[in-house]
Amino acid sequence: MPLENRLKEFRAAGGLNQQELGSLVGASRQTISLIERGDYNPSITLALKIARVFGKSVEEVFYLTGEEEV
Amino acid sequence: MKAERTKKQIAIRFLLVIAVCALLGAGAGLVRLKAGTSAMEWMAGFEHLLAGFGPWWYLPGAVLLVLSTGYYLAGKRQLPHTEAEEEFQTADRLLELSMVFSNIASVYAIVAMALSYFAPIGPSVLLLIVEVAWTVTIQSKTINAIKVLYPEKRGSVWDTKFSKDWYSSCDEAEQQLIGQYCYRTFLIMNSVYPVAMVLLALLALFDMVTPFACFLVGLLWLIQQTVYMVTAHQKEHGKARQR
């Protein structure tokens, strides 16, 4: 089940560029770019930091597609 | 995920490797016969041929450095426009290519120094100094340019702690990628060392290499395996284990 995210959308709404968001969460611009493109799944720590910047829960920023009921 | 090889596929590959090794051995035997002289003389002739290039061994290093400099200049030209994602990725790619070529050149300069041992000492030393200075300068400039793209990065190529400083300023994704590069290198070297050892052992049978060459390559292999296993043990069971 691929991990999707709404990072780009929340970042744009918050008026942050990739570099600024990276600085806030202790990640590089390239890492933010990789996460937005779905090429890197962040650790729980980084996901929590990103969600906190936007004032959202992790599930609002990151979600699994094709999720099955367990 | 790739499908696991079947027993038949494994057997075919194994037989192919054996066949290739047999062909190589036969080829080596033929070359040895054709040489029409003692193995030691043949080896001495080969060494003389290698040494005959003298300072020309530095030429490929210079080509690598020209490529590295070209990519650096192209990457640097992109820096003022890297607010846009596409230009950022282009600059990042070009500067990374510059580092690839300058890193290979830095190792090659040492190889060229050893290979041009029989050349007149003056030009060889001068070329070595020029190539090493060019390499470190271009690496320093490339790192400074990369720091424009990644302001959080730390470390100076003039410092012996550069690799440690750089790694500690990398985030989790970058450190994970470095781990993947290292693992790939480890896998490849785990194939290179046995092949080199078998080759040296065969050559040693014909007195074509000194025992010291076998000892040196064996020692490098031992160091790699020991460092890997000891580090793994420390991380999993020792004081340095990750939490």
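**Pockets and a helix**

Author: By class, the second largest pocket of this predicted model is lined by 13 nonpolar, two polar and one charged residues. This second largest pocket holds about 650 Å³ of space. Its lining consists of 16 residues, and B:Leu24, B:Gly25, B:Ala28, B:Leu199 and B:Leu202 are the closest to its centre. Two elements, helix H1 (7-35) and H7 of chain B, each give two or more residues to that lining. H1(B) gives the most, with eight residues.

The largest pocket has about 980 Å³ of space. Its lining has 27 residues, and those nearest its centre are B:Glu96, B:Ile146, B:Trp166, B:Ile178 and B:Tyr181. By class, 15 of the lining residues are nonpolar, seven polar and five charged. At least two lining residues come from each of helix H3 (29-37) of chain A and H4, H5, H6 and helix H7 (172-205) of chain B. The most come from H4(B), which supplies seven residues.

Now to H5(B), one of the elements in the lining of the largest pocket. Helix H5 of chain B has 29 residues (residues 121-149), which at 1.5 Å a residue should span 42 Å; the C-alpha atoms at its ends are 42 Å apart, so the two values agree. Buried residues of H5(B) include B:Leu128, B:Glu131, B:Thr135, B:Ile138, B:Thr142 and B:Ile146. An α-helix has 3.6 residues a turn, so residues three or four places apart point the same way. The cover over the buried residues of H5(B) includes helix H2 (18-25) of chain A, and helix H3 (58-78), helix H4 (85-115) and helix H6 (162-168) of chain B. B:Ile146 is buried in H5(B) and is also among the residues nearest the centre of the largest pocket.

Technical notes. Residues are numbered from 1 along each chain as its sequence is written. Chains are lettered from A and ligands numbered from 1 in the order in which they are written. This is a predicted model: local features need pLDDT of at least 70, side-chain atom pairs count only at pLDDT 80 or more; totals for chains, interfaces and linings use all residues. Side-chain values use heavy atoms; hydrogens and water are left out. Helices (H or I, at least four residues) and strands (E, at least two) are DSSP runs, numbered from the N terminus. The expected span of a helix is 1.5 Å times one less than its number of residues. Buried means under 20% relative accessible area, exposed over 50%, partly exposed in between (1.4 Å probe, protein chains only). Contact means heavy atoms within 4.5 Å. On a 1 Å grid over the protein atoms alone, a cavity is a set of points where a 1.4 Å probe fits but cannot get out, and a pocket is an open set with protein on both sides within 12 Å along at least five of seven lines; lining residues have an atom within 4 Å of a point. Grid points are joined across faces, edges and corners, and a volume is the space filled by probe spheres set on the points. Ala, Val, Leu, Ile, Met, Phe, Trp, Tyr, Cys and Pro count as nonpolar, Asp, Glu, Lys and Arg as charged, and the others, Gly among them, as polar.
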